[in-house]
Amino acid sequence: MNRYPVWKYAIIVIVLLVGLVYALPNFFGEAPAVQVSAAKATVKVDAGTQARVQEALKAGGLTPDMLTLDATSVRARFVTTDDQLKARDVLQRAFVPDASDPPYVVALNLVSRSPTWLTALHAFPMYLGLDLRGGVDFLLQVDMKGAIDKRAEAFAGDLRTSLRDKNIRGSAVSRNGQTIEVRFRDAASLQAAKQLVQDQFADLSAVDSQEGSDWKLTASIKPEAARRLQDAALKQNITTLHNRINELGVAEPVIQQQGLDRIVVQLPGVQDTAKAKDILGRTATLEMRLVDESTEGRAAELGTGPVPFGSEKFLDRQGRPVIVKKQVLVTGENLTDAQPGFDSQTQQPKVDLTMDAKGGRIMRDVSRDNFRKRMAMLIFEKGKGEVLTAPSINGELGNRFQISGSMSVVEANDLALLLRAGSLAAPMEIIQERTIGPSLGADNISKGFKSVMYGFIAIMVFMCAYYALFGVFSSIALAVNLLLLVAILSMLQATLTLPGIAAMALAIGVAIDSNVLINERVREELRNGASPQAAIHAGYDRAWGTILDSNVTTLIAGVALLAFGSGPVRGFAVVHCIGIVTSMFSAVFFSRGLVNLWYGGKKKLKTVSIGTVWRPKTDGTAVVEAK
Amino acid sequence: MEFFRIHKTIPFMRHAKVLNIISFVTFALAVFFLAHRGLHLSVEFTGGTVMEVAYQQSVDVGKVRETVGKLGYPDVQVQNYGTSRDVQIRLPVQKGQTSAQQSAQVMDALKAVDPTAVLRGNEFVGPQVGEELTTNGLKALAMVVIGIMIYLAFRFEWKFALSTVLANLHDVVIILGFFAFFQWEFSLAVLAAVLAVLGYSVNESVVIFDRIRENFRRYRKMSTVETIDNAITSTISRTIITHGSTQLVVLSMFFFGGPTLHYFALALTIGICFGIYSSCFVAAAIAMWLGVKREDLIKAPPKRDGDPDDPNAGATV
């Protein structure tokens, strides 16, 4: 009755093997490495880059231990940190000729020392959280109300212009929070305006009302449009942050959305919070100015004359000089959107720009006076300006216009991104910040590891002493539980934090509960006079229901923590939940397998090694049966 | 080895009243301290800046406090963190000053006194985050309670579900009471520990109720009180061994886990001790007073009355 069919043993063996393989990378430790990744959207990292890295290192007299290429980066592994630092300098020289405009990010990193065949199986070590590896952690709150207010203001301006264009007279447009109010003196205008909103403003919904002799139209941004707007604002902020953080040369930055309006930025290894914050909070500004096309200006552009008074010289992205007037026509604040697309007539790539009402009005005036002249779009970052593009004006512009001609699709995408990324879509504020020094991180790892190890040893000693052979089985099952837990965490690449390690220690305590339940039950059956085989069978059988119930209740608590927890609580909950699930396998299914293997074949089993089975006698004298 | 050589069923329920009075008094004390002293909430809940500074030699906390106090922080908290060479400094949120400015200012002042001071870690939490954490914590607590009650009501019976949840909430309040009394720092990790304890000690009650159900089935002639006593007696060795084992790990965390896990382990220890007590004595007693019966747990076999539409139903000759 205590035998497992072959397939059950097969499952055990397979699970153990898989667990072992995926837990293995954690034992190899980490080696110093240098990572080369793209700093710009237009730069690709591919096999060519890998070859260049190899050549550069060879020229520098360095041989990497291993050179790998993944989707976004090339990594060269070294044996010593000295080599790593040398390699960084070599690669920095080769890949970043101009530090003010880096095409690549060359960063120090740590990579797993595990052999290639493990990496090929996608077996990686556990992903350590910042509290274990050291670094900076920011939580940014995006001001969504600000973003929507800004958008409502833009709509109000647009509406004002459209009403004027349609000759709807006597109207007064004003923004009230996130709604736009338009007042009319007669009902006919109101109806016309309402029709206009319906036809031209798909994102607005309008309601009319009458106040005394006045008719009022209240337009508000539709909920789905507001949601789309918030989504877009958050995405744009994330993109902008990505671009900026690339400058910091962080090996594995994490920039993620959290909830509806928050962004988490984690920079492992970075210690200089001030610089990181400066970069996060920096705003690039976009300016549109006219190109100086006077004779002096042209001469200066060709380099044959000085830059005329009232103009400035900037370089475009190809490094050609452009002489631009100092007067700023419009800034990025008036630009509401920039999207790449195709011209419907010429099928050429283009970028569509949308300005707000004020920007549109200025554009119209400027374009009327400067037909066929060039207008430059400049981006200023860190006080340094760069000309993104300087097209000529080919017609009267409004609040929507396009830049087209002599652009590839990639260039159009890039330009749209740069125009948009110039400024953050919505203001952000740092609401939480944590810096963990590298020594503190290493400390946390060793402390966490020690508490798991000593706890484990203590339990193992106790179990073996108290339950004899069954205690040994339980201890092996416990070790398997730990192995599987580590393997699953490595497989999922879930972030392991210090509370996560605490949960691992606690998981040992919870897992041993099942084994104690089983062992006590087997003893009890023996005490009541069952034969050894029957006692094992009944012990496991009866304990199972209890184990299931108690684990499900613990799991409920774990899931609740996962659902509502944040930060450290979540890190705890993930490991806690996985630990409960693996304990059901190891403590019940696996330990039964061990017991069956040991005792199952013995037909005339007289005794079971489960420690002392003590039987109370009905007359009060006790008999101790030692085994 | 056998620690528990119990000859007879121990009449736990005879002392139920006394045990519950003890429980009630502890509970009332915990509530009193919670209300009177309140929890010493960590920076995660209150908002503010925490700095961890390491020195080469052991450092006088009083002096550090004085140095920081001179910068115009009236209620600054300075304490040793782990070793005598490490200090933790807590600064309240200051209007018009970012946390980076705050910590730079403090570090400058500290370095002026002792140049070996090194900033090991820094944490800043805005006030809006704290509020959210509190509501989320309460939500998690509510979800745990409701989830467990539904599961137990479904697997056992509502009287058991209610008594289990009452007994374990009593544990939670007592842990919080301890934290309020000793003014230990209540951080997010402690919150996690408290909620984990809730799940873990429900475990305990489930094991006992499981045995009560089994006893109801097996010993048909036993009274309810006897059944409960028997169930607790026969599971007590398991209860103490399991909790003892878990406590071994928790102690290991307490001694080796460093300051971050210190209070976490402490919360678990209190939770485990009161968990044993409450599931053995409180949960079963409440279930008893709620009038749990054999019929509640063992569904009566379906009556073999046959087809209710049978015209001959109930007819006997």
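In which sense do β22(A) and strand β5 of chain B pair, and over how many bridges? Those two strands run antiparallel and are joined by five bridges. Strands count as paired here if DSSP finds at least two bridges between them, while helices (H or I, at least four residues) and strands (E, at least two) are DSSP runs numbered from the N terminus. This is a predicted model, in which local features need pLDDT of at least 70, side-chain atom pairs count only at pLDDT 80 or more, and totals for chains, interfaces and linings use all residues. Residues are numbered from 1 along each chain as its sequence is written, and chains are lettered from A and ligands numbered from 1 in the order in which they are written.

**Where the two chains meet**

- The contact draws 66 residues from chain A and 58 residues from chain B; two residues are in contact if their C-beta atoms, placed from the backbone, lie within 7 Å.
- On the chain A side, the elements that give two or more residues are α9 (273–281), β22 (428–436), α13 (438–492), α14 (498–527), α15 (532–564), α16 (568–599) and β24 (613–616).
- Among these, α13(A) provides the largest share of the side that touches chain B, with 15 residues.
- Sorted by class, that side of chain A has 33 nonpolar, 23 polar and ten charged residues. Here Ala, Val, Leu, Ile, Met, Phe, Trp, Tyr, Cys and Pro count as nonpolar, Asp, Glu, Lys and Arg as charged, and the others, Gly among them, as polar.
- To find the strand pairing between the chains, look at β22(A) beside β5 (residues 118–125) of chain B, where A:E433 has B:F124 as its bridge partner.

**Strands β1 to β4 of chain A**

- Strand β1 (residues 30–38) of chain A is joined by nine bridges to β4 (residues 104–112) of chain A, and the two run antiparallel.
- β3(A) in turn pairs with β2 (residues 66–69) of chain A, antiparallel over four bridges, and A:M66 has A:R77 as its bridge partner.
- You can trace the chain from β2(A) to β3(A) through a hairpin of three residues.

**An open sheet with helices on it**

- Four strands of chain A make an open antiparallel sheet in the order β7-β8-β10-β9.
- β7 (172–176) and β9 (204–211) of chain A stand at the edges with a single partner strand each, so one side of each has no neighbour in the sheet.
- On average, neighbouring strands of this sheet are turned by 25 degrees against each other, direction ignored. For such values, axes are lines fitted to C-alpha atoms, for helices over the stretch in contact, and angles run from 0 to 180 degrees between N-to-C directions.
- Within the sheet, β8 (residues 179–184) and β10 (residues 214–221) of chain A are antiparallel and joined by six bridges, with A:V182 opposite A:L217.
- Helix α6 (residues 144–165) of chain A packs on the sheet, touching β7, β8, β9 and β10 of chain A, and its direction makes about 175 degrees with that of β7(A).
- Helix α7 (residues 187–200) of chain A lies across β8, β9 and β10 of chain A, at about 10 degrees to β10(A).
- In a regular strand the side chains alternate between the two faces of the sheet.

**Domains**

- Chain A is divided into domain 1 (6–22 + 437–625), domain 2 (30–113), domain 3 (145–224) and domain 4 (285–423); domain bounds come from an automatic or database domain assignment.
- The centres of domain 1 and domain 2 of chain A, taken over C-alpha atoms, are separated by 45 Å.
- Chain B is divided into domain 1 (12–40 + 129–297) and domain 2 (48–125), with 39 Å between their centres, taken over C-alpha atoms.

**Backbone details to look up**

- A:R372 is not a glycine, yet has a positive phi of about 70 degrees. Find A:R372 in the loop between α11 (357–369) and β19 (375–381) of chain A.
- A:R372 is exposed, with 9 other C-beta atoms within 10 Å. A residue is buried if 20 or more other C-beta atoms lie within 10 Å of its own, exposed if 12 or fewer, and partly exposed in between, with C-beta atoms placed from the backbone.
- B:Q183, also not a glycine, has a positive phi of about 55 degrees and lies in the loop between α6 (158–182) and β6 (185–186) of chain B.
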